[in-house]
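I opened this model to see how its parts are put together. My entries follow in the order in which I looked things up.

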Amino acid sequence: MNYAPGVVAVVLVTLATLAVGTWGLRFSRTTSDFYVASRTVRPALNASAIGGEYLSAASFLGVAGLVLVFGADMLWYPVGWTAGYLVLLVLVAAPLRRSGAYTLSDFAEARTGSTHVRTLCSVMVVAIGWLYLLPQFQGAGVTLQATVGAPTWVGSVVVGAVVLINVSSGGMRSITFVQAFQYWLKLTALLLPAAILVAVWAGDGAPHPVDAGGGGDLWSLPLGSGGGAGLYTTYSLIIATFLGTMGLPHVVVRFYTNPDGRAARRTTLVVLALLGLFYLLPPIYGALGRVYAAELAASGRTDVLILELPGLMISGVLGDVLTGLVTAGAFAAFLSTSSGLAIAVGGVLSQDVTARVVSKRGPSGITAFRLGAVLAIVVPCVAALVAPDLAVARVVGLAFAVAASTFCPLLLLGIWWRGLTAPGAIAGLAVGGLGSGFAVAWTLVDPAAGAGWLDVLLGQPAAWSCPAAFLTMYAVSRATRDQVPAHVRRFMVRLHTPEAVELDRG
Amino acid sequence: MRVGWPRVRRSRLGGEADRATFRTLHTASLASPALREGLTAHSAERSIRHLRTLLGTPAVAITDTDRALAWDGSGEHHIGQTAILARAAVRHGSTRVADRKDLPCDEPGCPVRHAIVSPLVVEDRIVGTLQVFADRQSAGLIRAADEVAGWVSGQLELAELGASRTRLAEAELRALRAQISPHFVYNSLGAIASFVRTDPDRARELLLEFADFTRYSFRRHGEYTTLAEELRSIERYLLLEQARFGERLQVTLRIAPEVLPVAVPFLCIQPLVENAVQHGLQAGDGTGHISIVARDLDQECVIEVEDNGAGDDPEKVRRALAGDADVQSFGLANVDARLRTSFGDDYGLAVETAPGAGTKVIVRVPKFAPGVQVTGAGA
């Protein structure tokens, strides 16, 4: 196998990312174009940046592999990952922006007035961040194995190191343009090969994907298999992805860049369009994979489908170029998502953990942040090396389930219900976090899940842990209704009144 | 061993009298945070329970000069009578004792039979009363009521002090708002006038900039604004200064667009820029280089205002920031104080300077701080 295109792509993307991170994007302007300087980030640009940060290894590699093996059922992953932004758009985006909060912990503190809720939220941010980073590093290992022939640990370590250098050297600043660029890079890296591969398939006279391989209707129809358990898993996945998006720490901080609530909504709308466009592509690879890469499905190495398909279908220089392109896209996906997550998790860790350790030897925000970033990256990186191999998209799905069971109730009740109290929030977060956390641990430790209902329930927990968290939050808040924060009415006015309305918000 | 035990214990916790003192001090410390907010129904409500523990009587009430604020203990049907007692105490200005005929009561076994009414005095002015109710009175109880009332008065006086400190900060902000220098107004208008014949379009533009600049600076409402608004005003200021100084004033701006929505105290960057322009123009070669940089550091943003001027003695700057009135740097100290009030002591100004090396002022602002929000409508 020819490893040259993979090596070139990985080296190029790594160098480009490090260069941008080291030198930053510097905008020197003289007074003549002053007005440009005070212009805020436009919704379209911000939306591209959110797309760039959001489309991870799971979207880029995982979905195609799942579709190849399990068929139409798995389309719920891309559908849910897109539709999550619809829920965000309708219920959360604008009020969250108007609250003035930067992180989810900030929102929790502003709404409940309790630092305990804040601390608990910070713990959840770290947990979700680590769980989300784990499959990114695993996916990197798989990618480098497939394209460069390296052992799987090399990829995890390389991506971990690049992200660490990038984030701690100051690559955290002004990354909107970089992330926006990443979205278009990822889109191109899938769109161009997909168009060529489809053309090859059409000219080939090869069979229709539904007829290729076995299974036919079972593959092409949703819920073709699985019975009751399959139905449960599907609904649970829908709940996790629809409601989990709003609780992703690296996505939420991007909304702060919008100047006001209206811009936040516009941004979300554009994100919906961008993601909808992107997610059309992975299923195409999945379908073509049934025709040309049946042995991948048999061997279980489904996450490398997108990386190997161009080589399998086209030989020669064109195949090499396309392989290089998808490899570059995949690597960009790891780096951008991991950087965003590492910054979010590192920020929380530096605020709540390492700053306290460092401040004894003189206050230094930068040192604290670097320590936080190291922790944020090393822990999931090590976990990726020792954890068993799970499909990338499934682990990311679990991270969504945890987010849907914790931050979704907090955000929805916090924004739309005056009665939420600090004890209610704590109880709900604890129930949702412990429930979904236990399920995640169970699934990660024993991935060869049986078909028993216990394994099914724990394999995709959102359908029970999310309602449980909602109910607990509601019930405990009702029981402690004398502890409703005094400022809640004022806060609600602030959340729900457009900025253009003249109003005393003090 | 048996003999040693109690001795060890006594030396650790003190005798009965010591422990009673500790208990009293602890109870007092529980009441004081509420009282430090001043005398309101809310603060009275929160502190009165501890005051009754302190006095150990069946009931206690707190009033302002003419109505009840809070009641704790049994016999709450007497709350209506507290206002009359309060007015009497305010009239006489001293502690008064009321007995059963002042406190008519139909309830059998009601423990409220006598009342001791002590005035609460803040800066020689009676602001309310502490009323202690018991089934019998004693000289000891009167003394205790008096002492507690004196202690409460002390706490209220501290509250008054805190309030006046806040008022002072507000007054300083108002002063700062009105502090567009007369020289600046005069010089700007002069510069604009010089363009009226040669370049009427530019003169008109500058005049509009001048109008917008003054409108922003004189804005009356809102303690916070966005960094974008603040920079927009700085832009106008620099345009006007450049109209006057032309090539002698060089400005470089590097603003990360991510930090533009950050909430900052109103007029907290502009005074720094004005200082930088003044310093820069006094530079050796007569050309002022000003650079304004805003960077995104995840949870916070950093704003740096730098000039190539003559620099300053670091010790002098330190004294200015410490509030030394002899050093003429009202703007710097005021910005520093307001940043600390808004975001905590970690977020004061940092100034890097040395004689002959220019000055760089660094402002750090967290993206979110509880209680900090942009309240004014956009200008």
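Is B:Asp124 buried or exposed? I counted 5 other C-beta atoms within 10 Å of B:Asp124, so this residue is exposed. I note here that the model is predicted. B:Asp124 sits in the loop that joins strand 4 (114–122) to strand 5 (125–134) of chain B. Its phi is positive, near 65 degrees, and the residue is not a glycine.

I then looked up B:Leu267, which is also not a glycine and has a positive phi of about 55 degrees. I found B:Leu267 in the loop between strand 8 (263–265) and helix 9 (270–281) of chain B. With 23 other C-beta atoms within 10 Å, B:Leu267 is buried.

Next I turned to chain A. I listed 23 helices and one strand as its secondary structure. Of the 506 residues in chain A, 57% are buried. Taking the contacts in chain A with a separation of 6 or more, I found that 81% are between residues 24 or more positions apart.

I looked at the largest nonpolar core, which has 162 residues. A:Ala399 and A:Ala404 touch the most other members of this core. Leaving out neighbours within four places in sequence, I found A:Ala399 in contact with A:Ile128, A:Leu131 and A:Tyr132. A second, separate core has 45 residues, among them B:Leu206 and B:Val277.

I checked helix 22 (residues 462–479) of chain A for length. Its 18 residues span 25 Å from first C-alpha to last, close to the 26 Å expected. Its buried residues include A:Cys466, A:Phe470, A:Met473 and A:Val476. The buried residues of helix 22 pack against helix 11 (227–244), helix 19 and helix 20 (422–445) of chain A.

Which residues of helix 23 (488–496) of chain A are buried? I found A:Phe491, A:Arg494 and A:Leu495. Seen down the helix axis, these buried residues fall within an arc of 100 degrees, so they line one face of helix 23. I recalled that an α-helix has 3.6 residues a turn, so residues three or four places apart point the same way. The buried residues of helix 23 pack against helix 5 (76–98), helix 6 (104–112) and helix 19 (392–416) of chain A.

Last, I looked at a helix pair in chain A. The axes of helix 9 (residues 176–204) and helix 14 (residues 281–292) of chain A come within 10 Å and cross at roughly 35 degrees. The crossing is left-handed. Among the residues making the contact are A:Leu190, A:Ala194 and A:Trp201 of helix 9, and A:Ile284 and A:Leu288 of helix 14.

Methods
Residues numbered from 1 in each chain as written. Chains lettered and ligands numbered in written order. Predicted model: local features only at pLDDT ≥ 70, side-chain atom pairs only at ≥ 80, totals over all residues. Buried ≥ 20, exposed ≤ 12 C-beta atoms within 10 Å, placed from the backbone. Helix = DSSP H or I, 4+ residues; strand = E, 2+ residues; numbered from the N terminus. Arc of directions from axis to C-beta. Contact = placed C-beta atoms within 7 Å. Core = buried A, V, L, I, M, F, W, Y, C linked by C-beta atoms within 7 Å. Expected span 1.5 Å × (residues − 1). Axes fitted to C-alpha atoms, helices over the stretch in contact; angles between N-to-C directions. Left-handed = near helix turned anticlockwise from the far one by under 90°.
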